[in-house]
Amino acid sequence: AAGRMDSPDKALELLMCDDDYKSEKCAKVLIGLNDKRKQLQKQITNNLTINEENKCLIVEVDADIAGIGGIIASNITEKYQKPCFVVHGENTLSGSGRTIGEFPIIECLTKSEDLINGGGGHSAACGLSIDRSKLELFQNRCNEIYSNWLIDNPDLINPIINATCEIDFTIISDRLYNNIAKLKPFGNGNEAPIFISNTVEVVP
């Protein structure tokens, strides 16, 4: 939160602090920044216009989302189950991309070097810079790249859900939730656990 909303020095200050009173103040500042990040993220996400007809979503945000663009892209990807780029800016746009399933989203950049100003990343996430005048061409190119990948990889179209383990409903509690929450932040390299329960009847 510190690096996304302000300066990472605020997090470093907490880690290096050896005074209880000062460290508590530092922690409250970080909590405040994180709350601000969540509020801004929710506000922006709720006001986005999404063209669901596209195979690969490219969403322009009318706000400075430096630091939280990747989180917003992840939220959209999860909701619509499509790879997504979130961009912002004026004449030159910058943004973040997140993938779905096994699709290597970095291919959208490597196969669009004639359209973008620059970018980089890996198979699951990337960042880019592009002129506004080329955004529509990039949208069409990404649709084509993802469509071709789906044809070549029919077994990977549906995202694979790898459950951490099976649990019984009887052990689900606030205590379990709070203990899992201590493992945050979740992300690449520290994925959020996914639990399943079999032989469960869905009651309307």
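Guide: Start with V86, whose bridge partner in β3 is S96. Keep in mind that this is a predicted model.

Visitor: OK. How many bridges join β2 to β3, and do the strands run parallel or antiparallel?
Guide: Six bridges join β2 to β3, and the two strands run antiparallel. Strand β3 covers residues 92-98.

Visitor: What is S96 in contact with, leaving aside its neighbours within four places in sequence?
Guide: Its contacts, with those neighbours left aside, include G69, G70 and A73. C84, F85 and V86 are also among them, as are C126, G127 and L128.

Visitor: Now the whole sheet. What is the strand order?
Guide: The order is β1-β2-β3-β5-β4. It is an open sheet of five strands, with mixed pairing.

Visitor: Which strands are at the edges?
Guide: β1 (57-60) and β4 (116-121) are the edge strands. Each of them pairs on one side only.

Visitor: How much are neighbouring strands turned against each other?
Guide: On average by 20°, direction ignored.

Visitor: And what does α6 touch in the sheet?
Guide: α6 packs on the sheet and touches β1, β2, β3, β4 and β5. The direction of α6 makes about 155° with that of β1.

Visitor: New topic: the core. How many residues are in the largest nonpolar core?
Guide: The largest nonpolar core has 23 residues. F85, L109, L128 and F138 have the most contacts inside it.

Visitor: Which elements give two or more residues to this core?
Guide: Those are β2 (84-89), α5 (107-110), β5 (125-131) and α6 (135-152). α6 gives the most, with seven residues.

Visitor: What about F138, say, beyond its neighbours within four places in sequence?
Guide: F138 is in contact with I58, F85, C108, L109, S112, L115, I116, L128 and I130, with those neighbours left aside.

Visitor: Last one, the helices. At what angle do α3 and α4 pack?
Guide: α3 (residues 20-46) and α4 (residues 69-80) pack at about 50°, with their axes 10 Å apart. That angle makes α3 oblique to α4.

Visitor: Is their crossing left-handed or right-handed?
Guide: The crossing of α3 and α4 is right-handed.

Visitor: Which residues meet there?
Guide: From α3, R37, Q41, I44 and T45 meet I71, I72 and N75 of α4.

Terms used. Residues are numbered from 1 along each chain as its sequence is written. This is a predicted model: local features need pLDDT of at least 70, side-chain atom pairs count only at pLDDT 80 or more; totals for chains, interfaces and linings use all residues. Side-chain values use heavy atoms; hydrogens and water are left out. A nonpolar core is a set of buried Ala, Val, Leu, Ile, Met, Phe, Trp, Tyr and Cys residues joined through side-chain atoms within 4.5 Å. Buried means under 20% relative accessible area, exposed over 50%, partly exposed in between (1.4 Å probe, protein chains only). Helices (H or I, at least four residues) and strands (E, at least two) are DSSP runs, numbered from the N terminus. Contact means heavy atoms within 4.5 Å. Two strands pair if DSSP finds at least two bridges between them. Axes are lines fitted to C-alpha atoms, for helices over the stretch in contact, and angles run from 0 to 180 degrees between N-to-C directions. Angles under 35 degrees count as roughly parallel, over 145 as roughly antiparallel, 65 to 115 as roughly perpendicular and the rest as oblique. A crossing is left-handed if the near helix is turned anticlockwise from the far one by less than a right angle, and right-handed if clockwise.
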